[in-house]
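I set out to record what I looked up in this model, entry by entry.

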Amino acid sequence: MVVTGRKWRASLALVAALMVGACTTTPKVAGPGEYVVQQGDTLYRIASKSGRSAADIARWNNIQDPDRLEAGQVLRVVPPGGASSSDAPAPSRSASGADRPRPPRSTAPAREPDPVVPPASRRSDWGWPSQGPVVAGFNGSSNKGIDISGSAGEAVLSIGAGSVAATETLRGYGSVIMVDHGGSYMSVYTNVRTMLVKQGQKVQRGQKIAEMGSEAKLHFEIRYRGKAVDPRQYLPAR
């Protein structure tokens with residue numbers, strides 16, 4: 001039988017509906033210590049939300065290419081075998097040998113503790129990202145870093161040895177470079193142009209990683225476990 005006209009259009013609509021139904025899957029739900037990747041997520045964003053470092057999350061999930069995250073992917077955001085386990089302790093026995101009642105298991109997800117900020121300590125292995133004057137200081141709310149004045153095209157330097165965690169564009173930040181220095185420390189450089197490094201690249205202290213943008217001002221942050229700390233408490237005294 002030949003299908004034409006209205007019948008052809010109806011058949012096409014039915015096929016499309018069946019294909020959509022076949023492709024629909026049940027949304028994945030994160031368990032304790034897990035995170036479901038959302039559309040547009042990056043490894044750094046997930047690390048910031050969970051208070052972890054991007055390098056730790058990549059290691060815990062055996063992520064070889066941070067650019068290949070997929071929406072719906074479930075990631076571990078706590079250390080394997082960490083305190084997120086919801087297993088109840090084994091029951092103890094009374095003197096008569098009868099099992100004591102097991103307390104009811106909570107169904108609420110385990111709450112991760114707030115990031116612990118280390119005491120401020122100047123780092124002898126770090127240097128300043130730019131030599132200009134600080135024109136806006138850290139306050140922890142409206143400014144989570146410091147602003148350093150300079151000129152368009154001026155060199156932006158890595159404060160220390162590490163691995164480039166991300167090079168991307170974020171709303172409100174513009175072009176951004178993030179360097180993971182280990183020990184849950186991350187440095188963040190924004191308002192930059194001509195980024196000279198790529199994700200995963202190793203860098204050294206004082207290495208030129210970018211140039212200042214047209215605002216002629218570098219916004220710089222240091223984060224510990226995703227939480228912003230005052231950079232001037234960690235960089236060498238001027």
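My entries follow, with the basis of the values placed at the start.

**Basis.** I worked from a predicted model, in which local features need pLDDT of at least 70 and side-chain atom pairs count only at pLDDT 80 or more, while totals for chains, interfaces and linings use all residues. Residues are numbered from 1 along each chain as its sequence is written, and side-chain values use heavy atoms, with hydrogens and water left out.

**Entry 1: positive phi.** I looked up N62 and found its phi near 55 degrees, a positive value in a residue other than glycine. N62 sits in the loop between helix 3 (54–60) and strand 2 (74–76); helices (H or I, at least four residues) and strands (E, at least two) are DSSP runs, numbered from the N terminus. I then looked up N191, a residue other than glycine whose phi is also positive, near 60 degrees. Its place is the loop between strand 8 (185–190) and strand 9 (192–193).

Which of the terms buried, partly exposed and exposed applies to each? I used these cut-offs: buried is under 20% relative accessible area, exposed is over 50%, and partly exposed is in between (1.4 Å probe, protein chains only). N62 counts as exposed because its relative accessibility is 58%. N191 counts as buried because its relative accessibility is 18%.

**Entry 2: S184.** I located S184 in the loop between strand 7 (174–182) and strand 8. S184 has 19% relative accessibility and therefore counts as buried. Leaving aside neighbours within four places in sequence, I listed its contacts (heavy atoms within 4.5 Å) as S53, D56, R223, Y224 and R225.

Entry 3: I traced three strands in the order 5-11-9, forming an open sheet with antiparallel pairing; two strands pair if DSSP finds at least two bridges between them. Strand 5 (155–157) and strand 9 are the edge strands, each pairing on one side only. Strand 5 is joined to strand 11 (residues 208–212) by three bridges. A155 has E211 of strand 11 as its bridge partner.

**Entry 4: nonpolar cores.** A nonpolar core here is a set of buried Ala, Val, Leu, Ile, Met, Phe, Trp, Tyr and Cys residues joined through side-chain atoms within 4.5 Å. The largest has 24 residues, of which V156, I177, Y189, I209, L218, F220 and I222 touch the most other members. Strand 12 (217–224) is one of the elements giving two or more residues to this core, and strand 12 gives the most, with four. Another core, of 21 residues, lies apart from it and includes I46, I57, I63 and M186.
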